[in-house]
Structures are given as C-alpha cells and as structure tokens.
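Please keep the sequence and the model at hand while reading.

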Amino acid sequence: MSSRLFSPLALVAALALAGCSHDDAADDARQAPAASPYAAVARGKIDIEGGLLKLSMPRDGVVAEIKVHEGDRVKKGQLLAMLDTEPSKLAVTSAEAEQKQAQAQADLLEARMKAADQRAERLDAAAKAGAGDAQSADDAREASRQLQGELTNARANAALAAQKLAGARYELAQRSLLAPVDGEIVQRLIQPGATASPQGGPAFVLLPEQPRLVRAELNESFVRAVSPGMRAEVVDDSGSGMPNLTAHVLRIGTVFGASALEDDPLVRANTRTVECVLAFDQPPPASARIGQRVLVRFAAGEAGSKQP
C-alpha cells in the first residue's frame with residue numbers, strides 16, 4: 001500500500017524538479033550576453049585629408065575687390081580677392097624705369113668699349129710696324145681696360161635693377177589672393193574696404209575638392225582589435241538621415257591623445273584614443289558633410305591586411 005502511494009508522489013516530485021531545471025536553463029539563456037557582430041565601435045567624423053583650408057591675404061592692405069561668394073566652386077589659380085594695388089603698381093613703374101636706365105648705361109659702355117678696343121688694336125699694330133707711337137698704343141689699351149671695368153659695373157647695376165623689378169612685380173602679385181586648389185568657398189570673412197593682413201585671420205575658408213574620409217577615435221582598449229584593411233560600417237550619428245555606408249581602415253595612428261569628440265568633459269579627460277582613418281568604399285551622398293558625426297562599427301572576424 002505504501003509503495004503504491006509513493007510512486008505517484010515521486011512522479012510529481014520528479015516532474016516538478018524537471019520543470020524547475022528547465023526554467024533555470026531558460027533564465028540562464030536569457031541572461032547570457034549575445035556575441036557582438038562588431039570587433040569595436042568608435043566615434044568619428046567625416047573629414048578630408050588635410051582638413052579645410054583657411055586662406056589669408058598674403059600682404060597687408062585695403063581690400064579692393066572680392067571676386068567670389070560663399071558656395072562658389074573655384075579652380076586652382078582663380079582670383080578670389082585683391083588688395084589696393086596702386087602703391088605696388090607705382091613701385092613696378094619706378095623699378096622698370098631704373099632697369100631701363102641701367103641697361104641703357106650698360107649698352108652705351110659696351111659700344112664705347114668696342115670702339116676703344118678697335119682703336120687700341122690699330123695703334124698697337126701701327127706701333128709694331130714703326131708707323132705709330134708706342135705710348136699712344138699703351139694709352140689706348142689702358143682706356144679700353146678702364147671702360148671694361150665700367151662696363152662690368154654697369155652690367156651688375158643692370159642685373160640688380162632687373163632683380164628689383166622682379167621683386168616689385170612679385171609684390172604686386174602678392175596683392176591678389178588665388179585659389180591654391182580646386183574646391184568650394186565655405187566661408188568669406190572679408191568685405192571690400194576693410195583692412196586685411198596675414199596676421200588678421202583668414203579671408204576665406206576653402207573646402208578642397210578631395211575624397212571624403214572618416215576620422216574615428218579608437219579607444220585604447222580596441223586598438224589591438226582593429227587593423228588596416230578591416231571592413232567597417234559608418235552610421236549617421238547626427239540625425240541627418242544619411243544611409244549607412246561601408247568603409248575600410250586606411251591607417252591607425254601611433255600616438256594616444258585625448259578624445260575630441262566626447263561631449264562629457266570628465267570622460268574626455270580620462271579617455272585615451274588613437275586616430276583611425278577610414279576610406280569609403282563608394283562616394284558618400286551629398287548629405288555627408290564635413291564635420292558630421294558618425295559611429296564606426298568595425299566588423300568582427302576580419303583580420304584586415306597590414307600596410308607595408
């Protein structure tokens with residue numbers, strides 16, 4: 001009788017224990033972290049090689065003309081702005097006059113020296129033939145030598161005058177600001193009539209026409225997990241609506257520094273990062289703007305290829 005009563009009770013207990021074990025296993029499965037598909041995640045921003053160009057006027061002066069506006073696309077060598085050129089033009093005119101005068105003096109002395117050489121040769125020949133005075137021949141040779149010295153000095157003065165003219169023309173050219181590369185005028189910071197100088201700050205901010213890239217701040221704990229050639233996903237972190245893009249690692253920096261993209265000053269002061277530069281696999285859309293913040297997710301399971 002007791003054995004028949006024990007069997008159902010034992011069965012119920014066994015089922016209860018089995019249920020508890022199954023529930024514990026399910027809880028453990030829920031609590032276990034899922035494997036991440038990313039080897040590392042880093043903050044970054046869209047940039048170009050070298051960054052934006054801040055262009056200052058080459059010389060001090062009053063702005064006379066501005067040839068471009070914000071948003072204009074410019075070509076290398078295109079005139080952007082000019083300072084007042086009147087003082088420089090006067091300097092060029094004066095240098096041209098000095099150069100012409102010095103060259104004319106050299107030309108005159110050269111003609112005189114040729115004539116003196118011919119006279120010295122004739123008198124020397126006559127003296128040797130007994131038809132002339134030897135002293136006259138000596139005097140003619142001395143006069144020729146003196147003219148040769150004067151001509152050498154005149155040629156040196158002409159060369160200096162030519163250099164002065166070249167310098168004046170160079171200074172005139174420095175009154176104009178030209179685009180150093182193809183690009184887009186992002187900002188114009190001068191007005192006609194204002195005084196500008198190289199020390200007074202930029203006159204224009206130029207966005208060079210170069211491929212976009214990503215500069216990511218790789219936390220020191222992830223440095224060993226990322227290598228050149230590794231694939232990554234670039235995700236918009238600014239709400240601009242830019243679609244996710246693919247990229248690959250170009251290079252990883254060798255110097256640790258403080259984070260420049262972290263907003264929390266306490267975290268920024270205690271975080272050490274290395275710059276990681278990535279190139280897009282395809283040209284990004286127009287919505288991808290310089291300085292735009294992104295998240296970079298480095299794909300797990302890719303060793304990449306080391307740069308030579």
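How much space lies in the largest pocket? In this predicted model, the largest pocket holds about 270 Å³ of space.

## Largest pocket

The lining of the largest pocket is made up of 14 residues, and those closest to its centre are Glu184, Leu207, Arg212, Ala288 and Ile290. By class, the lining residues comprise seven nonpolar, two polar and five charged.

Two strands, E7 (183-188) and E9 (204-208), each supply at least two residues of this lining, and the largest share, three residues, comes from E7.

## Second largest pocket

The second largest pocket contains about 190 Å³ of space, and of the 13 residues that line it, Arg215, Ala216, Glu217, Ala260 and Glu275 are the closest to its centre. Its lining divides into six nonpolar, two polar and five charged residues.

Which strands each supply at least two residues of the lining of the second largest pocket? They are strand E1 (38-48), strand E10 (212-219), strand E12 (245-258) and strand E13 (272-280).

## A four-stranded open sheet

Four strands form an open sheet in the order E6-E5-E3-E8, and their pairing is antiparallel. At the edges of this sheet are strand E6 (176-178) and strand E8 (195-196), each of which pairs on one side only.

Strand E3 (residues 61-66) runs antiparallel to E8, and two bridges join these strands; across this pairing, Val62 stands opposite Thr195 in E8.

Conventions
Residues are numbered from 1 along each chain as its sequence is written. This is a predicted model: local features need pLDDT of at least 70, side-chain atom pairs count only at pLDDT 80 or more; totals for chains, interfaces and linings use all residues. Side-chain values use heavy atoms; hydrogens and water are left out. On a 1 Å grid over the protein atoms alone, a cavity is a set of points where a 1.4 Å probe fits but cannot get out, and a pocket is an open set with protein on both sides within 12 Å along at least five of seven lines; lining residues have an atom within 4 Å of a point. Grid points are joined across faces, edges and corners, and a volume is the space filled by probe spheres set on the points. Ala, Val, Leu, Ile, Met, Phe, Trp, Tyr, Cys and Pro count as nonpolar, Asp, Glu, Lys and Arg as charged, and the others, Gly among them, as polar. Two strands pair if DSSP finds at least two bridges between them.
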